[in-house]
Amino acid sequence: MFINEDNDTMKYSSGKPITGTRYNSRWDGSTLLILLLIVVVCIWLVFLDDWLLPVILMAAFLLIVITGLLGIYYRIDGNNLVVYQFFRPTAYPIDKISEIKPTNSILSSPATSLTHRLAVSFSDRKVLKSAMPLVISPVRQREFIDQLLAINPDISH
C-alpha cells in the first residue's frame, strides 16, 4: 500500500485504488482490561528500578501494543474481505466463505475483542492453509454480515 502523491488516494502496491467499506475491529471490556493490565505491569516494573531505561522500554512496549491493536481492521473491497493486521492487508475471497457464526474462541486472531467475535469458515482449505476458521471482531457485525451476504448469498450464518 502507498499513497498516490498526485491525488492523495490510498492504493495497493499493484496500483489498484483502495475502495470498499471499512470496519474497525471492535474494542470492548476485554480489550480495555488487557491494556489496563499491560499499563499496570509497566508502571509496576518502572517503580522497581530508579533507572530511566525501564521507563523507556515500557513506553516503547506499550506503544507497540497499542499500534498493533489500532492496526487491526477489515475492509470489504469488491469480492474480497481484506483483513489488516499491523496495517498489512491480506485478502480473502468472499465467494469462498461458507459460514459465518459467532464464537467465543480465544484463538490468536486479527480480532481485538475476546467476546464479540465471528468465525469465518472457507469452503476451500487452501485459502487459510488450515481447517481452522478466520476469527475476526468487526464493529457493526450485522451490517458486516449483510454486506458479505449481498456478495455471496450462499454463506450460512
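I worked on a predicted model, in which local features need pLDDT of at least 70, side-chain atom pairs count only at pLDDT 80 or more, and totals for chains, interfaces and linings use all residues. Residues are numbered from 1 along each chain as its sequence is written, and side-chain values use heavy atoms, with hydrogens and water left out.

**Helix H3.** I looked up H3 (residues 141-151) and found Gln141, Phe144, Ile145, Leu148 and Leu149 buried (under 20% relative accessible area, with exposed meaning over 50% and partly exposed in between, 1.4 Å probe, protein chains only). Down the axis of H3 these buried residues fall within an arc of 135°, so they line one face of the helix. Their cover includes strands S3 (21-24), S4 (73-77) and S5 (80-85), among others.

**Aromatic pairs.** I noted three aromatic pairs in the structure (ring centres of Phe, Tyr or Trp, the last by its six-membered ring, within 6.5 Å; planes under 30 degrees apart stacked, over 60 edge-to-face, the rest tilted). Tyrosine 23 and phenylalanine 144 have ring centres 5.1 Å apart and planes at 85°, so I recorded the pair as edge-to-face. This pair links strand S3 to helix H3 across 121 residues. Both tyrosine 23 and phenylalanine 144 are buried at 0%. The rings of tyrosine 92 and phenylalanine 122, with centres 5.7 Å apart and planes at 35°, form a tilted pair.

**Leucine 32.** I placed leucine 32 in helix H1 (residues 29-48), where this residue is exposed at a relative accessible area of 51%.

Conventions. Helix = DSSP H or I, 4+ residues; strand = E, 2+ residues; numbered from the N terminus. Arc of directions from axis to C-beta. Contact = heavy atoms within 4.5 Å.
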